[in-house]
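Here are a few friendly notes to read alongside the model. Please keep the structure open as you go through them.

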Amino acid sequence: MPPALPPPPHTGGPGAAELRRWRRYLADERAEAAVYRDLAARRGGEEREILLALAEAEDRHAAHWEALLGERAGRPPRHGLRTRVLGWLARHFGFVFVLALVQRAEARSPYEGDTDATEAMAADERIHGEVVRGLAIRGRNRLSGTFRAAVFGANDGLVSNLSLVLGMAAAGAGNRTVLLAGVAGLLAGALSMGAGEFVSVRSQRELLEASNPDPQAQAAVPHLDVDANELALVYRARGMSPQEAQAHAATVLRDHHLASASAAPEGVDEHEAVGTGAGAALSSFAFFASGAVVPVLPYLLGLTGTVAAAVAAALVGLALLGTGAVVGLLSGAAPLRRALRQLAIGYGAAAVTYCLGLLFGTTTG
């Protein structure tokens, strides 16, 4: 792509506000190029090449603002908080997490509608977002199985144990009883979640394995009758048309090669996307326990009565906001909306249980 050309110069020269905006853009482009280079330094092969190419594109955009500013460039201001955070995360945190943040940053490019930026630059930023989305897909697939189990486990622990603790407290149970109930709920829920996730993921992997082609079938290929054989039926059963299946079977027979027997699309490894049973089980156990211990902490620290219940609810609320925001960031969605949705669901469930506890405490008192 040819380098972006600056728009026609302003009659009368740019004003102070325009110069400040151009300097900010210049600083941000330089910082984003540095983020891509930081990420590239931690990757290899094709991913590294793609990230370095993105860094070069950001350098090209920076050159546009340098050309506009000329001798007035001076010392560019510090880049924005968002870009500084991305740079810090690129150096300290996981690849997928940073890519998710970069994807959102590219999608919010300020060049749309800015007459000082070229249409090519605005289009570049949109394409950059799609490139980053493609890079993140592989990492998200690796994370999806255990990450799903981890998020589900943490939220289940937070909500279920908060509901249990508040329900017991509302019913008039003593602090010792509430604490014992919370610890019992933690252990029972964590073990149940771990066992359930192991069985679920293991069963799903076994179903996928049952659907894969049998590797031993390759040994039968050289012995098939070239003029009358059922190999074409394999490909028809996997979705090919009769003509495509016949042509593909002829090719396989000619080459004595069955590596392409599966008609499944290339790219995502289904087993990788599902995750492992042990990984999902451990994630579910650990994250359920880490979530379930939060509502119990005030009672472990010696707080009692309404104060302990209020502190437990506040701590769980903060944790729900955090997990919701993380899910939003990694999925490329608005983190605040996901955080508030998580909070509303969790507090709604806890409120219902608290009201039931009040009701039972009144009727049995």
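The points below cover confidence, an aromatic cluster and a surface patch.

1. Please bear in mind that this is a predicted model. The average pLDDT for the protein is 75, and 67% of the residues reach at least 70.

2. On to the rings: the count is 3 aromatic pairs. One of them joins Y25 and W65 in a tilted arrangement, 4.8 Å centre to centre with 50° between the planes. Y25 sits in helix α1 (residues 16-41) and W65 in helix α2 (residues 45-69), so this pair ties together parts 40 residues apart in sequence.

3. W65 also pairs with Y111, again tilted, at 5.7 Å centre to centre and 45° between the planes. Here helix α2 is linked to the loop between α4 (95-107) and α5 (119-170), with W65 and Y111 46 residues apart. Together Y25, W65 and Y111 make one aromatic cluster. Relative accessible area is 6% for Y25, 0% for W65 and 4% for Y111, so each counts as buried under the 20% cut-off.

4. Finally, have a look at the surface, where L297, L300, L301, L315 and L318 form a nonpolar patch with about 490 Å² of accessible area together. Helices α11 (297-300) and α12 (305-330) each give two or more residues to this patch. L297, in helix α11, is partly exposed at 33% relative accessible area.

Note on methods. Residues numbered from 1 in each chain as written. Predicted model: local features only at pLDDT ≥ 70, side-chain atom pairs only at ≥ 80, totals over all residues. Heavy atoms only, no water. Patch = residues over 30% accessible without salt bridge, like charges linked within 9 Å, V, L, I, M, F, W, Y side chains within 5 Å. Areas by Shrake-Rupley, 256 points an atom, 1.4 Å probe, with all protein chains shown as cover. Salt bridge = Lys/Arg side-chain N within 4 Å of Asp/Glu carboxyl O. Helix = DSSP H or I, 4+ residues; strand = E, 2+ residues; numbered from the N terminus. Buried < 20%, exposed > 50% of the residue type's maximum accessible area, 1.4 Å probe, protein only. pLDDT = per-residue confidence, 0-100. Phe/Tyr/Trp six-rings, centres within 6.5 Å; stacked < 30°, edge-to-face > 60°.
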